[in-house]
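Subject: Structure handover

Hello,

Here is the structure I said I would pass on. Please open it first and keep it beside you while you read the notes below.

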Amino acid sequence: MSAPAPAAPAGRVNLLAPHVARWPAGAPVVELRGVHKRFGDLHLLRGVDLTVRAGETFVIAGQSGSGKSVLLKMMNGLVAPDEGEVRLFGQPLAALREAERALLRRRCTMVFQSYALIDSMTVAENIGFPLTQGSALPAPEVARLVEELLALLELSGAGGLLPASLSGGMRKRVALARAVVSNPEVVLLDEPTTGLDPVMIEFVDALIAKTQRLYGLTSVLVSHDMTSNRRLADRMGVLSEGVLAEVGSFEEVSRSACTASPRCSSPTT
Ligand SMILES: Nc1ncnc2c1ncn2[C@@H]1O[C@H](COP(=O)(O)OP(=O)(O)OP(=O)(O)O)[C@@H](O)[C@H]1O
Ligand SMILES: [Mg+2]
């Protein structure tokens, strides 16, 4: 008896929303219009406009504290804007009930800057958690999917470890695995490589590109590592003074940033 062939990427079903048709490639999937956000006296976002299309990798760069993480959390409704509109899969998040936003979050998962792994669970349990909590898949099937991802992310053998015993690079990869285990259509990645050494950055970048290629993911990636951005971005935007000041290809944005700033530090090599 032969094992069933793995499903082709185009036929991959979201295991947390199996009856929802996948969003068509190239269609606007994340849309922000005139988005403002204030925290007390801090007017952080001052009219952000952005359209991310299904299938692309969009990178958000910007200085520490510019609001990148807040912006990313707005895209799946974890943070609400004070003004403006955010649409995910064509639906205005503010008009939805929390249960409806939660359903969209099954199609648009997130890798948090702080990893957000569950300390008391093993690596394998962390990765399988979305499926054990949110799907009716039998345990052996969850275990098989987790093993597949552990191998893909070069974490074979680490499934039984607790997060406390992992290196930073391993935690980033576990968080990435947990975000893609259910076959979401969109993944929001907050600084997936910050703080890692250059060899590990290159490795994690390659894994992000590989999972995207294999699974046809739309990625919105926050990163101020320009080497990573050059490698991964189909388009990128720079968040500065509350707006996406520059949007374009990596080359266009770096050129424009260099023209605008006498202290340009964008790498050109
Ligand atoms: N819930 C909150 N309440 C109050 N202030 C907040 C809240 N969330 C974010 N901020 C403030 O908004 C600003 C931007 O935060 P954010 O985490 O989005 O920055 P960032 O661009 O992701 O920075 P970094 O590159 O360091 O991760 C910071 O000054 C932060 O203190
Ligand atoms: Mg951040």
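Start at Ile60, whose bridge partner in strand 8 is Val222. Strands here are DSSP runs of E with at least two residues, helices are runs of H or I with at least four residues, and both are numbered from the N terminus.

Before going further, some notes on the source. This is a predicted model, in which local features need pLDDT of at least 70 and side-chain atom pairs count only at pLDDT 80 or more, while totals for chains, interfaces and linings use all residues. Residues are numbered from 1 along each chain as its sequence is written, and chains are lettered from A and ligands numbered from 1 in the order in which they are written.

The sheet

Two strands count as paired if DSSP finds at least two bridges between them.

Strand 9 (residues 235–240) pairs with strand 10 (residues 243–248) in the antiparallel sense, over five bridges. Ser240 is bridged to Val243, and Leu239 stands opposite Leu244. The hairpin of these strands has two residues between them, and Glu241 takes a positive phi near 50 degrees.

What covers it

Five of the five residues of strand 3 are buried. Thr57, Val59 and Ala61 lie on one side, with Phe58 and Ile60 on the other. A residue is buried if 20 or more other C-beta atoms lie within 10 Å of its own, exposed if 12 or fewer, and partly exposed in between, with C-beta atoms placed from the backbone.

Helix 5 (168–180) and helix 4 are what the buried residues of helix 3 pack against. Those residues of helix 3 (residues 123–134) include Val123, Ile127 and Leu131.

The ligand

Which residues surround ligand 1? Among them are Phe39, Leu44, Lys68 and Gln113; a residue counts as near if its C-beta atom, placed from the backbone, lies within 6 Å. Helix 1 (residues 68–75) gives the most to this shell, with three residues.

Val86 is in strand 4 (residues 83–88), and Ala151 is in helix 4 (residues 139–152). Val86 is buried because 23 other C-beta atoms lie within 10 Å, whereas Ala151 is exposed because it has 11. Leaving aside neighbours within four places in sequence, Val86 is in contact with Leu32, Val35, Met74, Met75, Pro81 and Leu93. Contact requires C-beta atoms, placed from the backbone, within 7 Å.

Regards

Notes
Contact = placed C-beta atoms within 7 Å.
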